[in-house]
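Trainee: I have a fold open on my screen and would like to walk through it with you. Could we take it one question at a time?

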Amino acid sequence: STGVVLNMGTAPSADTPKRDLAEDRRSWFERWYAKLGFTVIVPKPSFSNREFARREKKGQTLVYRPATSDVSYEVFMRAVGHGEHWTVEDAAERAKIGWEPTETGYWYWADAQDACPRLNTTWNDLTAKHHLLSLEEYVILWHAVKTEHHRMLDRSTFTWLRTRLGPGALNANEYDGQVLVYGNSETDLSIPYGIGGGRAADVVK
């Protein structure tokens, strides 16, 4: 009998190099910051392709935060069109914010699900169990996800931040295509909110 030969293409060689996801990530962030008007030399993060896949399945993404001297919160917010926000413009309230400047840039894994995880958990309990995102880390994460994946985080939830506002703390969510940051009093920190939770940050060593 006459069989039909199917052309299945050429099998990949054992010598074919694997895609370097760490280099892909480094390159993406360097290009992104350049498009925002910043010259940032982004170092290659240390992780394997397997770890990257495992983290993505958990809803996490890898983000690079530059040194504050290279990209401060204020200049970043202006670059993404949100320079009129109170955390940029209101001097009296800004003085109450527990800013976390960094002398060197660093990579961090962050929860990047559309809706915030760990809902209905108080800020006090969240901070006791998790290293929550700071204000500076959150805005970079939020805008990176929006640019890369065309998604906006926290449209139906809000995320507690570890950043203090005097004796209280900050939270953030999406509003009208931007990040909106709220200040909360100390009494709010012991109240669980059904639409409020926390995103963990895991710094890459």
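Trainee: Where is the place of D154?

Mentor: Good starting point, and keep in mind that this is a predicted model. D154 is not a glycine, yet it has a positive phi of about 60°. Its place is in the loop between helix 7 and strand 3.

Trainee: Does D154 count as buried or exposed?

Mentor: The cut-off for buried is under 20% relative accessible area. D154 has a relative accessibility of 0%, so it counts as buried.

Trainee: And H150, does that count as exposed or buried?

Mentor: H150 also has its place in the loop between helix 7 and strand 3. Exposed requires over 50%. H150 has 70% relative accessibility, so it counts as exposed.

Trainee: Which residue just after helix 1 takes a positive phi?

Mentor: Helix 1 covers residues 21–35. Just after helix 1, a positive phi of about 100° is taken by G37.

Trainee: How many Å apart in space are E137 and G177, C-alpha to C-alpha?

Mentor: In sequence, 40 residues separate E137 from G177. In space, C-alpha to C-alpha, the value is 18 Å.

Trainee: Which residue has its backbone nitrogen 2.8 Å from a polar atom of the T163 side chain?

Mentor: T163 is found in strand 3, and its relative accessibility of 1% means that it counts as buried. Apart from neighbours within four places in sequence, its contacts include I97, G98, E100, S134 and L135. The backbone nitrogen that lies 2.8 Å from a polar atom of the T163 side chain belongs to L135.

Trainee: S134 came up there; where is its place?

Mentor: S134 has a relative accessible area of 0%, so it is buried. Not counting residues up to four places away in sequence, S134 touches E100, L161, R162 and T163. Its place is in the loop between helix 6 (123–129) and helix 7 (135–149).

Trainee: Now for helix 1: which side chain reaches the backbone nitrogen of A22 at its start?

Mentor: A22 is one of the buried residues of helix 1, along with L21, W28 and F29 among others. At the start of the helix, a side-chain oxygen comes within 3.2 Å of the A22 backbone nitrogen, and that oxygen belongs to D20.

Trainee: At roughly what angle do the axes of helix 1 and helix 7 cross?

Mentor: The buried residues of helix 1 pack against several elements, including helix 2, strand 1 and helix 7. The axes of helix 1 and helix 7 come within 12 Å and cross at roughly 100°. That makes helix 1 roughly perpendicular to helix 7. The angle you asked for is roughly 100°.

Trainee: How many nonpolar residues does the contact of helix 1 with helix 7 have?

Mentor: Helix 1 contributes R25, W28, F29, W32 and Y33, while helix 7 contributes I140, H143, A144, T147 and E148. By class, two residues of this contact are polar and two are charged, and the number of nonpolar ones is six.

Trainee: To step back, how many helices and strands does the protein come to?

Mentor: From the N terminus on, the elements run α-α-β-α-α-α-β-α-α-β-β-β-β-β. Buried residues make up 46% of the 205 residues. The secondary structure comes to seven helices and seven strands.

How values were computed
Residues numbered from 1 in each chain as written. Predicted model: local features only at pLDDT ≥ 70, side-chain atom pairs only at ≥ 80, totals over all residues. Heavy atoms only, no water. Helix = DSSP H or I, 4+ residues; strand = E, 2+ residues; numbered from the N terminus. Buried < 20%, exposed > 50% of the residue type's maximum accessible area, 1.4 Å probe, protein only. Contact = heavy atoms within 4.5 Å. Expected span 1.5 Å × (residues − 1). Polar contact = N/O pair within 3.5 Å; in protein donor to acceptor, adjacent residues only side chain to side chain. Axes fitted to C-alpha atoms, helices over the stretch in contact; angles between N-to-C directions. Parallel < 35°, antiparallel > 145°, perpendicular 65-115°, else oblique. Nonpolar A, V, L, I, M, F, W, Y, C, P; charged D, E, K, R; others polar.
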